[in-house]
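The following account leads the reader through a structure and its ligand sites. Please keep the sequence and the coordinates in view while reading.

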Amino acid sequence: MNNFSFCSPTEFVFGKNTELQCGKLLKKRGAGKVLIHYGQGSVVRSGLLDRITSCLQDHFIEYVMLGGVQPNPTDDMVYRGIDLCREKHIDFILAIGGGSVIDSAKAIAAGVPYMGDFWNFFEDKVTINKALPVGVVLTIPAAGSEGSVSSVITKKDGKLKRSLWSQFFRPAFAIMNPALTCTLPSFQTACGIADMMAHVMERYFSRTSGVSLTDHLCEALLQTIIQEAKVVMSDPENYAARANLMWAGTLAHNGICGLGREEDWATHKLEHELSALYDVAHGAGLAVMFPAWARYVAGAHLDIFEKFAIKIWNIQPLGDKKATVLQGIRAMKDFFVSIGLPVNFEQIGVRPDDIDELIAHLEINTGGSLGALMKLNMADARRIYTLATQQTIE
Ligand code: NZQ
Ligand code: ZN
């Protein structure tokens with residue numbers, strides 16, 4: 001196990017009707033004037049936004065609203081948010097929504113006290129050393145941004161999707177009411193499931209030895225997500241299944257599963273170009289890329305992929321290790337298909353000819369390699385994208 005340092009200061013307030021505690025939580029944190037940040041209308045339609053604003057009024061907390069964040073959030077909204085916060089003297093941001101809204105809120109929070117261009121942070125030109133506090137009311141279990149150190153923003157000019165990790169991005173609090181997720185379209189539920197599984201797998205597939213505790217944590221999370229996914233797909237109102245998925249989404253990405261071990265993240269980087277260039281939902285892109293990446297790297301790491309096949313997908317060990325491994329990867333792909341996700345480029349509108357553009361956008365163009373289990377170069381990335389064109393749904 002490698003050395004590590006871990007600090008997760010976020011207060012998680014979990015359960016039915018917990019959104020009604022937002023006024024109390026904001027008061028406790030000394031919020032004076034709040035920016036309420038939200039997406040493209042689901043929180044308006046569900047009545048959640050009204051409940052939150054009433055709660056703030058009851059606690060005599062002033063607020064300003066900025067809605068309209070789009071999935072795969074973009075820099076233009078971040079600039080608007082920074083200007084608004086400065087103009088209205090905002091000292092706290094409340095994000096109501098999923099990863100896109102939360103990430104936009106985090107970027108605004110870091111941009112307000114910084115007098116340069118916030119995009120400098122995302123290009124690693126400047127380090128964040130100050131940010132407004134961010135609170136969250138989570139409406140979709142997926143990105144794990146409610147407990148994570150990261151924010152992912154797309155720069156519209158050039159369609160560059162970049163993720164940034166900073167301790168200043170950990171939210172002050174996250175309100176998590178699983179009942180709020182019952183209004184999710186089935187496709188969004190499925191995308192969230194793929195994303196949280198990917199967050200665990202980016203950590204599970206590691207070269208670090210002596211990490212049995214985090215191995216088991218990862219396995220428990222994956223087993224639970226798969227089991228509860230099947231329940232919510234057939235019974236979307238099932239509170240217990242929604243609750244387990246919601247908390248799994250947080251644990252998948254708040255960092256605990258990766259402590260003391262090398263993490264991979266190649267698949268996320270390969271996927272980010274799909275959502276940047278084709279506006280694919282992040283989880284759908286991951287359902288395409290994870291089986292393709294696994295097929296490419298598994299041959300050099302048969303032991304860990306065999307364990308994955310046996311423990312996660314209940315494959316009976318075959319005499320031939322490679323055959324067991326391939327069955328495990330196939331089971332992962334079949335699972336994604338079974339919950340309504342795409343598994344190849346054609347299904348998400350990407351043509352084989354587009355691979356050149358995907359390659360040209362990859363962050364590794366600025367140097368270095370991709371991933372850790374197997375360090376990938378541009379030629380490897382091209383082969384993995386090509387595998388993603390060939391996957392079938394049968
Ligand atoms: O915009 P509205 O109208 O709210 O609709 C949203 C959106 O269309 C809808 N939705 C959310 N909650 C709902 C609901 N619809 C009905 N009922 C509800 N309760 O769902 C759609 C997707 O929302 P979004 O926030 O985009 O989803 P998600 O949480 O998957 O976030 C995706 C973004 O997070 C980034 C992704 O790259 C992507 O940009 N990620 C952020 C990470 C982080 N900050 O730690 C890590 C992840 O790996 C990921 O990269
Ligand atoms: Zn993700």
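**Ligand sites and selected residues**

Serine 145 places a polar side-chain atom 3.2 Å from a nitrogen atom of ligand 1, which meets the criterion for a polar contact, a pair of N or O atoms within 3.5 Å; within protein, one atom must be able to donate a hydrogen and the other to accept it, and residues adjacent in sequence count only if both atoms are side-chain atoms. The model is predicted, so that local features need pLDDT of at least 70 and side-chain atom pairs count only at pLDDT 80 or more, while totals for chains, interfaces and linings use all residues. Residues are numbered from 1 along each chain as its sequence is written, chains are lettered from A and ligands numbered from 1 in the order in which they are written, and side-chain values use heavy atoms, with hydrogens and water left out.

Two further side chains approach oxygen atoms of ligand 1: a polar atom of histidine 253 lies 3.2 Å from one such atom, and for asparagine 72 the corresponding distance is 3.4 Å. Taken alone, ligand 1 exposes 960 Å², of which the protein buries 90%; these accessible areas come from the Shrake-Rupley method with a 1.4 Å probe, and for residues only the protein chains shown count as cover. The elements that contribute two or more residues to the shell are α5 (99-111), β6 (150-155), α7 (186-204) and α10 (266-278). Here helices (H or I, at least four residues) and strands (E, at least two) are DSSP runs, numbered from the N terminus.

There are 32 residues around ligand 1, and those that come nearest are Ser42, Gly99, Ser100, Asp103 and His199; a residue counts as near if one of its heavy atoms lies within 4 Å. By class, the shell holds nine nonpolar, 20 polar and three charged residues, where Ala, Val, Leu, Ile, Met, Phe, Trp, Tyr, Cys and Pro count as nonpolar, Asp, Glu, Lys and Arg as charged, and the others, Gly among them, as polar. Domain 1 (11-180) and domain 2 (184-387) each supply at least three residues of this shell, the bounds being taken from an automatic or database domain assignment.

Ligand 2 is a zinc ion, with Asp195 (OD), His199 (NE2), His268 (NE2) and His282 (NE2) as protein donors at 2.0 to 2.2 Å. Donors are N, O and S atoms within 2.8 Å of the metal (3.2 Å for Na, K and Ca); water is not among the atoms, so sites may look incomplete. Along the chain, the zinc donors follow the spacing D-x3-H-x68-H-x13-H. Aspartate 195 and histidine 199 both belong to helix α7, where they stand four residues apart, about one turn of the helix. Both residues are buried, that is, under 20% relative accessible area, with exposed meaning over 50% and partly exposed the range in between (1.4 Å probe, protein chains only).

Most residues other than glycine have a negative phi. Asparagine 72, by contrast, has a positive phi near 60°; this residue is found in the loop between β3 (62-66) and α4 (75-88) and counts as buried because its relative accessibility is 8%. Histidine 89 also has a positive phi, of about 55°, and is found in the loop between α4 and β4 (92-97). With a relative accessibility of 65%, histidine 89 counts as exposed.
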